[in-house]
Amino acid sequence: MLEYLKWRGDLSWSASPLNELDALVFSQLSYLHFCDALGEQGAPLRAAWRLVEALPPEPGNAQAVADRHRLLRAAGESARFGGLTINHCVDVFDAEREMQFAAVTYDLPDGTRVIGYRGTDATVIGWREDFNMSFACPVPSQTEAVRYLERVAARTVGRLRLCGHSKGGNLALYAAACCTPKLRARIGEIFLFDAPGFDQATLQAEGYREVLPRVRSYVPQTSVIGRLMGVPEPYTVVHSTATGLGQHNVFSWALDGPHFETLPALDNASRLLKATMDDFLSDSTPEMRKLLVETVFAVLGAGNAHTLGELAERWTDTATAMWTALRGLDPATRRATLAVLGTLAASGMDSAKRFLSENKEDASAAEPSPALPPAQG
């Protein structure tokens, strides 16, 4: 993205209309704390970036945070993005409701607007809400995404475009699918970047089917997050220079001029993951998935860490607390959790056997996939 701004940052929107890389820039900027910097006021990006820079950095992976701040400065100083007004900034964190939600709106010179939904932040609550999607829909942030779209639409006129990375993409598509038909008619493209999908009820909803042709979905070749649950097709596979879960970081996505460098298909590791997760989700009940999520996060909560960074910093104390919490679970919950994990392991073995038998030629030609690195916030 930084290379894109160097190459194309001097172009006006009339000379070069909105494309997928612009939407990716907007989706990444939405991770920054504009709400703390601007409050309810709007401001040109060239002014807003200085206010954001004056704040403490956002929690999370240090490299990703640094990359986003470099992107913010480059965008703010560019002719293409610097004059755009950023407004309608919302940032809500509600531990009681297990909700982490944020979104911002960018005004384009032609009168259209781009809404950028933030993906998962570095908080344990944020990740728990993602896991909750496996057994509940809507989760609070999905409901809030619809409300945000309705509020922005009520205060504006003209076309709306939506975008988001990771959970932000899920929120963008859910909002478009579940808003009123009149509002849905104002929505143009919906850009998703390695975003998780939905349950079957959402996939079969009339609103979802109506907006599906407007979806532009992009995933890296070893996509993990973007293959969870029912995801929109078709999608574009982007070449990432990272490995495993590191490919979820869009700063590793390669460019070919003013567009992504694409690949013909996902690799075997991503396709096997999809088969495994589909088997598990189809064979387990919502109650089983809910029990697993509640148990996992009860154990994580035993360490009193609120962010993934704190989990890493206090790993010795956190591990001890988690082990104590595991030992303290009642026998019924422990047995049920082990049963869920056993179901996942069994479905993974069955999926692997079936996948390899159905893809013998691909499997024999494929190079061994690198091990996935530890997930980072």
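This is a predicted model: local features need pLDDT of at least 70, side-chain atom pairs count only at pLDDT 80 or more; totals for chains, interfaces and linings use all residues.
**View 1. An aromatic pair formed by Phe26 and Phe81.** The ring centres of Phe26 and Phe81 are 5.4 Å apart and the ring planes stand at 70°, so this pair is classed as edge-to-face. Because Phe26 belongs to helix H2 (residues 20-29) while Phe81 lies in the loop between helix H5 (62-77) and strand S2 (85-94), the pair ties together parts that are 55 residues apart in sequence. Phe26 has a relative accessibility of 0% and therefore counts as buried, and Phe81, also at 0%, counts as buried too. Through ring pairs, Phe26 and Phe81 are linked with Trp13 and Tyr106 into a cluster.

**View 2. The crossing of helices H4 and H5.** The axis of helix H4 (residues 45-53) and that of H5 come within 8 Å of each other and cross at roughly 150°. With this angle, H4 is roughly antiparallel to H5, and the crossing of the two helices is left-handed.

**View 3. Helix H8 and its buried residues.** Helix H8 (residues 167-178) consists of 12 residues and reaches 16 Å from its first C-alpha to its last, which is close to the 16 Å expected at 1.5 Å a residue. Of the 12 residues of H8, 11 are buried, so the helix is largely enclosed by the rest of the structure. Among the buried residues are Lys167, Asn170 and Tyr174, together with Gly168 and Gly169.

**View 4. Helix H7 and the residues it buries.** Helix H7 (residues 140-155) has 16 residues, which should span 22 Å at 1.5 Å a residue, and the 23 Å between its end C-alpha atoms agrees with that expectation. The buried residues of H7 include Ser141, Gln142 and Glu144, as well as Tyr148, Leu149 and Val152.

View 5. Most residues other than glycine have a negative phi. Ser166, although it is not a glycine, has a positive phi of about 60°; this residue is found in the loop between strand S5 (160-165) and H8, and with a relative accessibility of 5% Ser166 counts as buried. Asp194, another residue other than glycine, has a positive phi near 50°. The position of Asp194 is in the loop between strand S6 (187-193) and helix H10 (200-203), where Asp194 is buried, with a relative accessible area of 1%.

View 6. Most peptide bonds are trans. The bond from Glu233 to Pro234, however, is cis, with omega near 0°, and Pro234 lies in the loop between strand S7 (215-220) and strand S8 (236-238).

Conventions:
Residues are numbered from 1 along each chain as its sequence is written. Side-chain values use heavy atoms; hydrogens and water are left out. Rings of Phe, Tyr and Trp (its six-membered ring) pair if their centres lie within 6.5 Å; planes under 30 degrees apart count as stacked, over 60 as edge-to-face and the rest as tilted. Helices (H or I, at least four residues) and strands (E, at least two) are DSSP runs, numbered from the N terminus. Buried means under 20% relative accessible area, exposed over 50%, partly exposed in between (1.4 Å probe, protein chains only). The expected span of a helix is 1.5 Å times one less than its number of residues. Axes are lines fitted to C-alpha atoms, for helices over the stretch in contact, and angles run from 0 to 180 degrees between N-to-C directions. Angles under 35 degrees count as roughly parallel, over 145 as roughly antiparallel, 65 to 115 as roughly perpendicular and the rest as oblique. A crossing is left-handed if the near helix is turned anticlockwise from the far one by less than a right angle, and right-handed if clockwise.
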